[in-house]
Each structure stands twice: as structure tokens, then as C-alpha cells.
Amino acid sequence: MNWLSQIFAVVFYNLRTIPERKGSALTAAVGIAGVVLVLVGVLAIAAGFQKTLASSGAKDIAIVLRAGADTEMNSGLSREDTRLISDAPGIARGTAGPLTSAELFVIINLPKRSTGTDANVPLRGVSASSFDVRGNIQIVEGRKFETGKNEIIVGTGAARAFAGLDLGREIEIGTNKWKVVGIFSGGGGSAESEIWSDADVLMPAYNRDGFQSVYARLNSAASFTQFKDALTTNPQLKVKVLTLDEFFAEQGTMMTEFITGIGVFIAGMMALGALFAALNTMYGAVAARTREIATLRALGFGAGPIITSVLAESIAVALVGGVLGAAVAWLAFDGYQASTINWQTFSQVTFAFAVTPALLITAIVWATILGVLGGLFPAIRAARLPIAAALRET
Amino acid sequence: MKFLALVFSNLKRKKLRTTLTLLSIFVAFLLFGFLSAIKAAFLAGVDIAGADRLIVRHKISLIQPLPQSYEAKIEAIPGVDAVAALTWFGGIYKDPKNFIATFPTDPDKYLNMYPEVVVTPEVAAKWKQTRNGAVVGKATFDRMAKLESWKIGDRIPFTSPIWGQPAGQSQWEFEIVGVYTAGKKGADETSFLFRYDYFEEARQERKGTVGWFGVRVKDAAQAAEIASRIDAQFANSPHETKAEAEGAFAAGFASQVGDIGAIVMGVVSAVFFTILLVAGNTMGQSVRERTEEIGVLKAMGYPNGLVLVLVLLESCLLAMLGGFAGLGIAWLVTLGGSPAPQMLPVFVIPHRDLLLGFGFAIVLGLLAGTIPAISAMRLQIAVALRKLG
């Protein structure tokens with residue numbers, strides 16, 4: 001027999017006999033499935049969070065904040081500022097003039113539906129043109145708020161996560177009552193976590209006399225430099241200009257880095273644990289087949305094919321575990337609706353876990369690596385067994 | 001005790017397997033230790049909250065400021081022992097990644113309110129003499145001393161995205177007069193505290209306002225009643241308040257992280273038990289392989305009970321060795337400080353969780369050993385010996 005057909009013969013023989021050792025093989029597979037489940041599960045949180053922020057971004061929409069502010073919460077712009085900003089070049093025009101929206105961003109405390117504990121829910125006061133500036137806001141139920149009235153519309157995520165935000169109900173903010181008149185979607189972005197109202201009604205209710213940000217729809221992504229330069233060189237303004245892409249890329253860094261860091265760390269530790277289990281299983285498998293392997297060697301099978309066959313068994317077991325873990329993670333976590341606080345904005349973001357194809361591939365890669373590592377040393381031991389002594393073993 | 005040698009030689013028989021099993025138990029408990037620390041960090045503040053302390057904030061949300069004049073009004077409410085005002089400053093040193101939780105406050109009132117914040121009398125005196133003086137939590141000071149070579153006496157420039165520039169200067173400047181330490185396990189050592197009078201004088205907007213008040217009541221049993229008295233005092237004013245127990249406030253704050261914390265904990269505990277299952281299975285297997293030997297022991301006259309104990313002893317020894325080592329190493333690592341001080345300001349394993357971990361290790365040993373031990377006990381000598389064949 002040549003070397004290649006030896007490999008095939010012994011690998012298939014080995015794989016066919018896995019059911020003989022199903023107890024220990026299953027143990028190793030379950031261990032690896034656990035690692036993959038955790039890895040995918042935790043990274044799906046980070047991926048979902050990032051996806052929400054990414055779909056909030058846009059290249060042809062700019063946001064203007066006070067210089068030095070890193071979030072809308074910290075920013076402040078006077079009415080005069082917002083007028084100057086609307087006059088800048090590069091802004092697209094609608095029927096009612098330049099497409100800009102001066103906005104107010106505050107938080108209010110509302111109980112979470114799931115736990116009943118208070119959460120910081122973002123409340124945004126917007127201008128009438130805000131819908132045209134964003135372009136992806138759609139009323140899915142009810143209607144838009146009327147200007148000048150104590151009416152609010154609620155993002156789909158916020159409506160799902162926080163108590164009292166049902167269509168037709170009234171909520172109390174301070175001494176005012178606000179009626180929920182509509183539910184809106186915002187292309188999966190962070191706007192869906194927010195409550196919107198008319199900025200001019202919200203401002204006096206909050207004792208404010210200025211805005212916090214201006215959103216502007218640009219003629220095209222290429223107009224951004226022109227727009228930014230005009231504002232940053234204007235001596236009357238001290239502002240910071242970002243595209244929504246840039247803005248939202250900054251907003252979640254702390255959170256995503258933390259979750260990813262913790263996820264990889266925990267999965268790494270678990271991978272170690274599972275590796276020991278896999279090693280134990282494969283050493284056990286080799287030990288149980290000592291006589292069998294010695295017989296194969298006596299028959300003339302080389303060391304290479306023996307090593308390959310043990311590795312193949314280990315990888316096969318690991319892959320079964322990996323696929324199992326990834327499938328469970330996908331079924332359990334993909335699309336799971338959650339909300340958490342984004343410390344950078346000090347307000348709640350609702351988002352869905354995202355088990356992306358890239359994550360599934362990562363999972364399979366980890367499983368394969370565990371399979372190779374778990375099988376390699378037992379395989380080498382198998383190939384080195386002294387034939388005569390091994391044949392005599394019971 | 002004379003049987004201990006027998007147990008050890010059984011463990012030593014397959015050194016590789018014993019080592020691998022030990023290591024996987026070790027890893028599982030190491031993970032358990034770290035998770036306890038992470039969970040404790042999420043809930044930081046809840047454990048150290050004083051039963052006699054309240055937090056008073058604006059009714060709408062924490063970001064709405066309250067008038068500083070409320071301090072005297074709250075002090076005047078019967079049953080109130082002390083009041084200290086705090087404000088969120090959001091300090092940044094040079095680069096946004098050097099974000100430091102910074103609060104302006106009154107030194108005397110603050111130190112009186114929070115006895116878990118410990119400073120030497122010299123530092124307290126120096127702080128009161130130095131108008132722009134600041135006291136820094138030990139964890140933050142050590143970190144910044146390493147990264148940016150901060151020293152006591154340094155004048156540190158800060159920027160604040162919220163408060164902009166101070167009057168007449170481009171940056172805020174604080175002189176570090178000393179370090180505070182946590183006088184209670186689990187208390188935060190990452191804050192940066194500076195003086196409210198300096199803040200009030202230098203800030204250019206929202207003068208005369210503060211973020212929230214810490215309130216201590218004379219009798220903890222009356223805390224709830226005094227909280228509603230405070231809220232009643234300011235009802236129907238432009239700045240209505242919400243007063244609640246410090247523990248409830250901290251718990252509410254922690255629950256904002258919400259589902260994520262719960263899910264991470266859930267998934268990981270599931271896996272902790274998976275690893276244990278795998279390890280337990282291996283331990284069981286190594287007993288099953290020795291059926292014939294157990295038969296020999298019994299033939300020599302070992303009573304059933306002793307056989308049971310020997311097998312249990314073996315599995316417990318293994319589980320406790322791995323488990324205690326894992327918990328111990330995790331504990332040593334947390335002594336080194338938090339890996340992510342901004343997200344996890346406090347990073348310690350609570351005593352309760354350490355004990356729980358020890359308990360789990362013993363339970364693991366018993367569970368993994370029970371089934372093989374019982375079958376070893378029930379084993380019939382003739383059957384066992386026939387296996388030798």
C-alpha cells in the first residue's frame with residue numbers, strides 16, 4: 001500500500017469507530033461546544049451593539065457640536081449658533097429651506113419593562129425638518145407629533161424596552177404630561193432607542209434656552225469638507241463637525257472594546273479548560289486502542305498515517321462540538337432584543353444581538369484549533385508506541 | 001489517615017490524566033473567581049451602601065442639576081444628620097482615553113459623609129488650605145503615576161467636556177494634595193475629588209447648581225420616612241427631587257447595564273458547569289477502570305463503607321486541589337488591580353463568593369465520586385475479579 005492510501009484507510013477506519021468511544025467523544029464535543037457557545041454569544045453582543053451604532057451612521061449627514069464636547073449630552077449651542085450653522089455652504093435644501101435640524105438631547109428616567117428598575121431613556125427634541133434630514137425615519141404606528149403640542153413619538157426599541165411608552169398613553173416628565181402619538185423605526189439605528197418631541201415645546205419644559213446639536217443633510221458626502229471648513233474657520237463659532245459615520249464610530253468604542261475584551265478573555269479561559277478535556281479524551285482513546293494501533297503498525301502502517309488518523313478523529317470531534325455550539329448560539333442569541341447603558345452617552349441603547357457569519361467562522365476556527373491541539377500529542381504518543389510491548393497489553 | 005497513601009497512589013497512577021483533570025478544574029474555578037469579581041464590579045456600591053444614607057437627585061433624571069441652596073434646606077429637615085453635594089465633572093487628562101471620574105465637593109462635608117473614603121489628617125488639612133487642591137483615589141493615582149508619572153504636589157491640567165473652560169484659563173488646573181484609600185472592601189478607589197468653592201468660582205455656566213446630594217439620616221430606621229419628607233419639601237417647585245436609599249440608587253444604576261450583565265453571567269455559569277461536567281466524567285471514568293482492583297481490596301476484607309470513602313476521598317481531593325488553586329490564583333490576580341479601571345472601577349472577589357467557590361469544589365468532588373463510589377461499594381467480588389481474566 002502506498003502512503004496516501006494508508007492514510008485514507010486508517011483515517012476512515014478511525015472515524016468509523018468513534019461511536020465505540022461515544023462517551024468520551026461526546027464529553028470532548030460538549031466541552032468544545034461550550035467554548036464556542038460562549039465565544040459566539042458574547043461577541044454577538046458586541047457585534048449587535050456595533051451594528052446598531054453603524055446603522056445610525058451616514059456619510060452625507062453631518063452633526064455639529066460645541067468644540068470640546070464628545071457627546072450630544074455635553075454639547076451646547078445657542079440659537080444664534082444654530083442659525084449660523086444653517087447658513088453654511090454644502091447643505092442640501094428642501095422646500096422649506098436648508099435641511100438642518102437643531103436638536104435638544106436630554107434623558108428621562110423610565111422603568112424598564114423587564115425589571116421595573118429605572119433606566120436613562122434618551123429624549124430628543126427635534127425640528128420639523130428632522131425627518132427629511134435623517135431620511136430613514138418611518139412612522140410604523142400612529143402619526144407624527146404636531147408642532148407646539150405636548151406630544152411624543154417613540155422609537156420601536158424604546159417602545160419595547162421601557163414601560164409606559166404605548167401608543168395613546170401619557171407619560172409624566174417633571175410637571176408636564178406628554179402623549180404618545182406614534183411609534184417610529186429608524187433603519188435599525190440608535191434613534192430607535194429614543195423618544196422624540198418638538199424641540200420648541202421641550203425647551204421651556206426643561207428650562208433651556210439653547211440646543212445641543214445641529215444635524216445637517218449635505219448635498220453629497222463630498223460636500224462635507226466644504227461644510228466643515230466653513231464652520232470651523234468661522235470666528236463666531238466654536239464647534240466640532242463630524243459626519244454621522246465618524247460620530248457614531250466614537251460613541252460606542254468603550255462599550256464594544258470592553259465586551260469584546262471580556263468575551264475573548266472568558267472564551268480563552270474556557271478554551272483552556274476544554275483543551276484539557278479534549279486532551280484527556282484523546283489520550284484515553286489512544287490508550288484504549290493501544291493493541292489495535294500496535295496491530296496496525298505491525299501490519300505495516302507508518303507513523304504518519306497513524307498520527308493523521310488520531311488528529312482526524314480529534315478534529316472531527318471538535319468540529320461536531322463547534323458546529324453544535326455555533327448552532328445553539330445562533331438559535332439562542334441571534335436577534336435577541338436587549339438594552340444596555342452606553343456610558344459614553346449615559347443613556348440606554350436598545351439593540352439586537354447579531355450572530356454574524358464572521359462570528360460563525362471564528363467559532364469553527366477556534367474549534368478546529370482546539371481539535372488540532374487536543375489531538376496532536378496523543379497522536380504522537382500513538383505513533384511512538386513500542387509495537388512488541390503494546391501488542392502484549394491487555 | 002493510613003489510607004491516604006492508597007488514595008495518592010491511585011491519583012499518581014495515570015499522572016497525565018490526573019494533571020489534565022486538575023488543570024481543567026483549576027481553569028473552571030479561576031473563571032468562577034474572575035466572574036465573581038466582574039459581577040461585584042457591576043454591583044459596586046450596593047454592597048458598601050450605608051443603610052443610613054440617601055441620595056437626592058432631580059426627579060426627571062440624574063443629569064438635571066439641582067440648586068446648591070437645597071443643601072441648607074435639606075440640612076434643616078428634622079432627622080437629617082449631614083448633607084454633602086456632589087457634581088459630575090467628567091475630567092479628562094490630556095487624552096479622552098485618560099478619562100477620570102471627577103467630582104467637585106466640600107472636603108469637610110464629603111469626608112464626614114463617606115467614612116469609607118480614608119485620608120490622613122495631614123492630607124485633609126492640606127486639602128482645606130489649597131483652593132485648587134485635589135484628592136485622588138489610590139487606584140487612579142497608581143495608574144496615572146505609572147502612565148503619566150503623576151506625583152503628590154503636581155499641578156494637573158484637566159479638560160471637561162461638560163463644563164468647558166474655567167474663567168480666565170484655557171484648562172482646569174488642580175494640585176494633587178494627597179491620595180485616599182478605601183476603608184472598606186469593595187469601595188471605589190478611582191475618583192478624583194476637588195473643591196466645590198474653586199469649581200463654583202471658576203465655572204462659567206450653570207453657577208449655583210450641583211448634581212446630587214448625599215444625605216445621612218440620624219436613624220437608619222427612619223430613612224424611608226425622611227426620604228419622602230425631602231421629596232415633599234420640594235414638590236411642585238421647578239426642581240422636584242427624588243430621594244432614595246443609597247443602596248437602591250446603586251442597584252438601579254447597576255441594573256442599567258441590564259440584560260447584558262445577566263446574559264453574560266448566565267452563559268458563563270452554564271459553561272462553568274459544562275467544564276465541571278467534563279471533569280467529573282473523567283474522574284468517574286478513572287474509578288470505573290479500576291473495577292478489578294476494587295474487587296481485590298474487597299476480597300482482602302475492606303468493608304463496603306471504607307471502599308466508598310476511599311473513592312469519594314480521591315475525587316474530593318482532586319476537585320479541592322484544582323478548585324482551591326483556581327480560586328487562589330484568581331484572588332491573587334484581583335489583588336493586582338482592575339484590568340479595565342474605567343468599566344470596572346472595583347475588582348475584588350467578595351468573601352461570600354470565595355466561600356461559595358470552596359463549596360462548589362467540595363460538591364464537585366462529592367458528585368463526581370458518588371456514582372462510581374456507590375457502584376464500587378455494591379460491586380460483587382466474584383464479578384469484579386472475573387474481569388481480571
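Two residues count as in contact if their C-beta atoms, placed from the backbone, lie within 7 Å. Helices (H or I, at least four residues) and strands (E, at least two) are simply DSSP runs, numbered from the N terminus. The model is a predicted one, with pLDDT of at least 70 needed for local features and 80 or more for side-chain atom pairs to count, while totals for chains, interfaces and linings use all residues. Residues are numbered from 1 along each chain as its sequence is written, and chains are lettered from A and ligands numbered from 1 in the order in which they are written.

Chain A can be picked up at helix α3 (residues 79-86), whose buried residues are D81(A), T82(A) and I85(A). Here a residue is buried if 20 or more other C-beta atoms lie within 10 Å of its own, exposed if 12 or fewer, and partly exposed in between, with C-beta atoms placed from the backbone. Seen down the axis of α3(A), the buried residues fall within an arc of 95 degrees, so they line one face of the helix; the arc is that of the directions from the helix axis to the C-beta atoms. On the face turned away from that buried side sit the exposed residues R79(A), E80(A) and R83(A). The cover over the buried residues of α3(A) includes β1 (61-66), β4 (100-111), β11 (213-217) and α7 (224-232) of chain A.

Of these covering elements, β4(A) is itself mostly covered, with 11 of its 12 residues buried. Strands are said to pair if DSSP finds at least two bridges between them. β4(A) runs antiparallel to β11(A), the two being joined by four bridges, and T100(A) stands opposite A216(A) in β11(A). β4(A) also pairs with β5(A) (residues 118-126), again in the antiparallel sense, over eight bridges, with V106(A) opposite L123(A) in β5(A). The hairpin of β4(A) and β5(A) has six residues between the strands, and G116(A) takes a positive phi near 80 degrees there.

Another glycine, G188(A), lies in the loop between β9 (176-185) and β10 (195-198) of chain A. G188(A) is partly exposed, because 17 other C-beta atoms lie within 10 Å. Leaving aside residues up to four places away in sequence, G188(A) touches T52(A) and S55(A). The C-alpha atoms of G188(A) and D81(A) are 31 Å apart, and 107 residues separate the two along the chain.

Chain B has 14 helices and 14 strands. Its radius of gyration, taken over C-alpha atoms, is 29 Å, whereas a compact globule of 389 residues would have one near 21 Å (the globule rule is 2.2 Å times the number of residues to the power 0.38). Along the principal axes, the C-alpha atoms of chain B fill a box of roughly 95 × 50 × 35 Å. Buried residues account for 45% of the 389 residues in chain B.

One open sheet in chain B has four strands in the order β3-β13-β1-β14, with antiparallel pairing. Its edge strands, β3 (80-86) and β14 (241-245) of chain B, each pair on one side only. From one strand to the next, the twist averages 25 degrees. Helix α8(B) (residues 223-233) packs on the sheet, touching β1, β3, β13 and β14 of chain B, and its direction makes about 170 degrees with that of β14(B). Axes are lines fitted to C-alpha atoms, for helices over the stretch in contact, and angles run from 0 to 180 degrees between N-to-C directions. Helix α9(B) (residues 246-255) packs on the sheet too, touching β1 and β14 of chain B, with its direction at about 100 degrees to that of β14(B).
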